[in-house]
Amino acid sequence: MALKMVKGSIDRMFDKNLQDLVRGIRNHKEDEAKYISQCIDEIKQELKQDNIAVKANAVCKLTYLQMLGYDISWAAFNIIEVMSASKFTFKRIGYLAASQCFHEGTDVIMLTTNQIRKDLSSPSQYDTGVALTGLSCFVTPDLARDLANDIMTLMSHTKPYIRKKAVLIMYKVFLKYPESLRPAFPRLKEKLEDPDPGVQSAAVNVICELARRNPKNYLSLAPLFFKLMTSSTNNWVLIKIIKLFGALTPLEPRLGKKLIEPLTNLIHSTSAMSLLYECVNTVIAVLISLSSGMPNHSASIQLCVQKLRILIEDSDQNLKYLGLLAMSKILRTHPKSVQAHKDLVLQCLDDKDESIRLRALDLLYGMVSKKNLVEIVKKLMSHVDKAEGTTYRDELLTKIIDICSQCNYQHITNFQWYISVLVELTRLEGTRHGHLIAAQMLDVAIRVKAIRKFAVSQMSALLDSAHLVASSTQRNGICEVLYAAAWICGEFSEHLQEPHQTLEAMLRPKVTTLPGHIQAVYVQNVVKLYASILQQKEQAAEPEAAQEVTQLMVDRLPQFVQSADLEVQERASCILQLVKHIQKLQAKDVPVAEEVSALFAGELNPVAPKAQKKVPVPEGLDLDAWINEPPSDSESEDEKPKAIFHDEEQRQAKQRQPEADEEELARRREARKQEQANNPFYIKSSPSPQKRYQDVPGVEHIPVVQIDLSVPLKVPGMPMSDQYVKLEEERRHRQRLERDKKRKKKKDKDKKGKPRRHGSLHTESDDDLAPAQQVDIVTEEMPENALPSDEDDKDPNDPYRALDIDLDKPLADSEKLPVQKHRNAETSKSPEKEDVPVVEKKVKKPKKKDKKHREKEREKKEKGKEARKSSKHKKKKHKKEKEERSKDKKKSKKKKPPGDEAAEPVENGALDEEPLPPMSSYCLLAENSYIKMTYDIQGSLQKDSQVTVSVVLENQSSSFLKNMELNVLDSLNTKLARPEGSSVHDGVPVPFQLPPGISNEAQFVFTIQSIVMAQKLKGTLSFIAKNDEGSTHEKLDFKLHFSCTSYLVTTPCYSDAFAKLLESGDLSMSSIKVDGISMSFQNLLAKICFHHHFSVVERVDSCASMYSRSIQGHHVCLLVKKGEKSVSVDGKCSDSTLLSNLLEEMKATLAKC
Amino acid sequence: MIQAILVFNNHGKPRLVRFYQRFPEEIQQQIVRETFHLVLKRDDNICNFLEGGSLIGGSDYKLIYRHYATLYFVFCVDSSESELGILDLIQVFVETLDKCFENVCELDLIFHMDKVHYILQEVVMGGMVLETNMNEIVAQIEAQNRLEKSESPQL
């Protein structure tokens, strides 16, 4: 063995370490790949050895090779081996490699669960830290589910280093296992107020990430964050919180109002640019949310714009960039304030920095008007010519189109100009946006009737010079414009001047090199063109010319019939036959033009893109209902044997079926989907073509050859948009002159009448600009009674949607985190009768639920104000109704608010009210230098003579604690539930061990007979403490106090039921009064709810009715009234002893307030 | 969230590649190359933010980088991170490297990629900022180095 060790270390001396590997690679520059493959072979040898140091070294080298692009997933198992090394040095190497190369598809990852769990509970904080860091990179849904509880425990670790890592990783756990969010959230919230700033910052970080995706669920945290914002000095935390508020304000305008002032102060006071910038950003978000009806915030807008202008003018390009970015946000709601800085924006358009130019482009969108559109676009066009990178050029292109087409082309006065701009844009080499240009051409030509003639002439020119557009590169998107050109020329062929020439152009052999879908459009439109030529010729009585055209068609169409593209082929074949038929008729001198034209009669109208979706479903049509019941193979299989054999098993199977139903349905649904996916005839829902285009990975990265032409491509006959600038100016000038003339005339007339106001005389407003053509922009058609739903933009695959979870709802049974340890506990504790585990389970689940439930209750208290306020608004609306109804209400003996106004002070303090101090239901049981025990007792309504005691054991020493056993001295009334076969003197083992600094929770069941009196039980915890010096037996005595409160279970009660209960009259009554209370009523109630398991039935001003129920079914009703510095509690209960004991306990609690 | 952290030199050689979202190795290399070409074109006196890292994320993502002597430090982040904050974070990371390696230079990163990773792990965890206080980061690194030293065989 020793020899082997020595041999191992000698071997190691000859092995390459990471440095040697790097050096080697640097020395083999010319045959690097070969050298590395040699190294990989060596590494494979090293991995086969038993020595963990050798393995770790090999894995370390692999991590380096991974960075160079080598796949190292083949070594996944070895990596896990190194991860499980006992030495930190190796463990760290293993986890690093895992974090670099493990992912959800790594099959061995499931082997790591136990190793990670072990490392998480390791006594060394760095082992735990390394495991957390590694896990954060490769956590899978399975790992998240299995380890969620362990990580949650670590959130309360004694070391802040571990706490902050555990808090951060929870976000990843939530993402992979959304069910964990609700159980873990209370603790996460607690961490917002952790004493360690690092932990606090981590918690803020996680909640900000969560809230960013689903802000509405986190509104209730606003007061807490508000407090943090005003108290924290950490800029990182401040920035995160301020960003979070930016996400919350759109949902809650009142929050925004509160924020404006502190944020403005911060803007004035802070020296940190990053903070200033985020403040400005959030103020903008607030202003946007307030934009309607809040004119007195113009000062804030001015402040923001001013500060941003300073940023933009700064010499630091980063600030300039961010300034423009924020400016574009203001633009959306307050365009006027931004337009004042047009000079600045235009100046930035010439900046040498592309990022800044792009941002300036964004702003330009809001700067255009009828007046300056032509000028701005001209400037952009010159940039297009100069631009080097395709990204920037493409961006320019889309921006030009965006700017021009915005708001239904409202800024365009001259569509001839616009068409020529579009045509000019087709000269762009290598742009990806051919389809955009094409879409614009089509849109304009269809919707602006007046421009069709011009458009058609331009398009025919484009078709004529198609070789220029399509020649160089077929793969570039610009040939898409031919699609539009062909369609426009075909559809509006009546406007063509030289239809024959265009027909020739569309039938050139070169066309067959175009993409299939464009050819298809060519073929279809050739016929339209043909039809119109026929008509022309026949009208002109030139049958020979008509026959010539037909001959041309017959000659040229076969080239399309041979196309590899199905669509083209099919259309061409049909049309060829049609034309041949026409030819025959023509030969017999039959006039055919009428009939051929009839093929394309009628006009195509533009349809809104969403029209199809908005067609309302007719009444009585259920799209989800089966037309025929689906044949289900599984059912028939089940039924057949049943009819023949009536044995036990079958019956059981049948009974089980309804349970599995849900699952079965899901499975079937999946199977159906699968089938549909494989069925070529099933029309799948697919993303829109445009989107798909973007989604294809790598499309953008096809290197586009840049052709450097010294002479700009100018196609003869193509319009130059520049000439329109001049024309436009002239036109406007003319218009102005004419107008002036008219005015003069008018003025002459007016002179006799009232004197005209000044000012309006020579300013030319936008509206004065008359368009060059009579433009009739056809709106897109929508179906009749279209549904006004706008929810069609949500992406169903959004991973964050799963985290859209209501955090204020109480936890349900099914929601607890899977806990491996507790499962062990159950089996070890209860090997008694068969039904005992079931009992225990039942007790435990509601216990956990109730605990959480109460914590939720507390949250609700804070949040409740929000809800109440909104209900108050409702109340006001229905005030009249209410007054009518108030008579009925008096019957029910309940106190109603005296008036809405009176309730006001309680309700509008959403942010001012002091938050509750953190409360814990766990109280100290006993403590010594080794261990600290805290406990909580929970009852359940299902079990009338049982309670569960949860004991949290925290190891306070540096020893390892094991063999823990808990025992109590049973009383006649209360007994500890022990495993079967053990005597009353045996203890119950605690199902876990405790490394130093770790705490964990154990649960014990007690049976109880009478619950009307409180009780105390003596007990002992014995354990073995093991440290470096050896192990010792230790014990700790305690007294377990079963208060009457612990037999109560928080049960909600409706006010009607509550009133009936009080009226029934079989309750005994008692009351107490406590003086000297300074706590707010709100918090007081929260305390009673939390510590005494009550729920508020109704609250009016400083008076509240509360309800709770004992595990044995006693009803307990309270009326709590707050006076000056005192509180009185009147109680009614079906058992008078219980009531008086409860009130005594409550008195003790209240006295502490 | 931070999507990726890349460090490469003026010739595009990767020195540290840390993705917080799974990409196959060849795509990772492609992203590094693409990012390198994007930042290479940029002068030192223009802004440190960059859109158009089209391989990662989408419009929500930005590249934020700093150029030190022979090395580029590039962070790819989404809109939940403050741009200026991340610039500061890069500075913190580099200063930490400087402290841990005592006058860091490219060679340190070349030969001690593993250590650079360990340092980064104390700054960013799973794509989220873990610690921004340099003293705290350095203290944790040193404690771990001590632990490592105590484990290595005394020869």
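Two strands count as paired if DSSP finds at least two bridges between them. I also keep in mind that helices (H or I, at least four residues) and strands (E, at least two) are DSSP runs, numbered from the N terminus.

**Ground rules.** I am working with a predicted model, where local features need pLDDT of at least 70 and side-chain atom pairs count only at pLDDT 80 or more, while totals for chains, interfaces and linings use all residues. Residues are numbered from 1 along each chain as its sequence is written, chains are lettered from A and ligands numbered from 1 in the order in which they are written, and side-chain values use heavy atoms, with hydrogens and water left out.

**Entry 1, a sheet in chain A.** I then followed strand E8 (residues 1015–1027) of chain A, which pairs with E9(A) in the antiparallel sense over 13 bridges. On this pair I found A:Phe1023 opposite A:Glu1034 in E9(A). A reminder to myself: strands of a sheet pair through backbone hydrogen bonds, either parallel or antiparallel.

**Entry 2, a hairpin in chain A.** Next I looked at strand E1 (residues 923–927) and strand E2 (residues 931–940) of chain A, which run antiparallel and are joined by four bridges. E1(A) and E2(A) make a hairpin with three residues between them. I noted that A:Glu927 has A:Lys932 in E2(A) as its bridge partner.

I counted contacts (heavy atoms within 4.5 Å) and got 62 residues of chain B against 65 residues of chain A. The buried area, which is the accessible area (1.4 Å probe) that two parts lose on being put together, summed over both, comes to about 5,900 Å², with carbon and sulfur atoms giving 55%. In chain B, the residues that lose the most area to chain A are B:Phe111, B:Met125 and B:Met128, together 11% of what that side buries.

I turned to charges: a salt bridge here is a side-chain nitrogen of Lys or Arg within 4 Å of a carboxyl oxygen of Asp or Glu, and there are eight between chain B and chain A. The one I opened up joins the side chains of B:Glu148 and A:Arg92, at 2.7 Å from N to O.

I found A:Ala541 with a positive phi of about 55°, although it is not a glycine. A:Ala541 sits in the loop between helix H30 (516–539) and helix H31 (543–556) of chain A. It is exposed, with a relative accessible area of 57% (buried is under 20%, exposed over 50%, partly exposed in between, with a 1.4 Å probe and protein chains only). B:Glu102 also has a positive phi of about 55° without being a glycine. B:Glu102 lies in the loop between H2 and H3 of chain B, and is exposed at 65% relative accessible area.

Finally I checked A:Thr158, in the loop between helix H9 (141–154) and helix H10 (160–176) of chain A. A:Thr158 is partly exposed, at 43% relative accessibility. What does A:Thr158 touch, not counting residues up to four places away in sequence? I found A:Arg163, A:Glu954 and A:Gly997. A:Thr158 and A:Gly997 are 839 residues apart in sequence, yet 6.1 Å apart in space, C-alpha to C-alpha.
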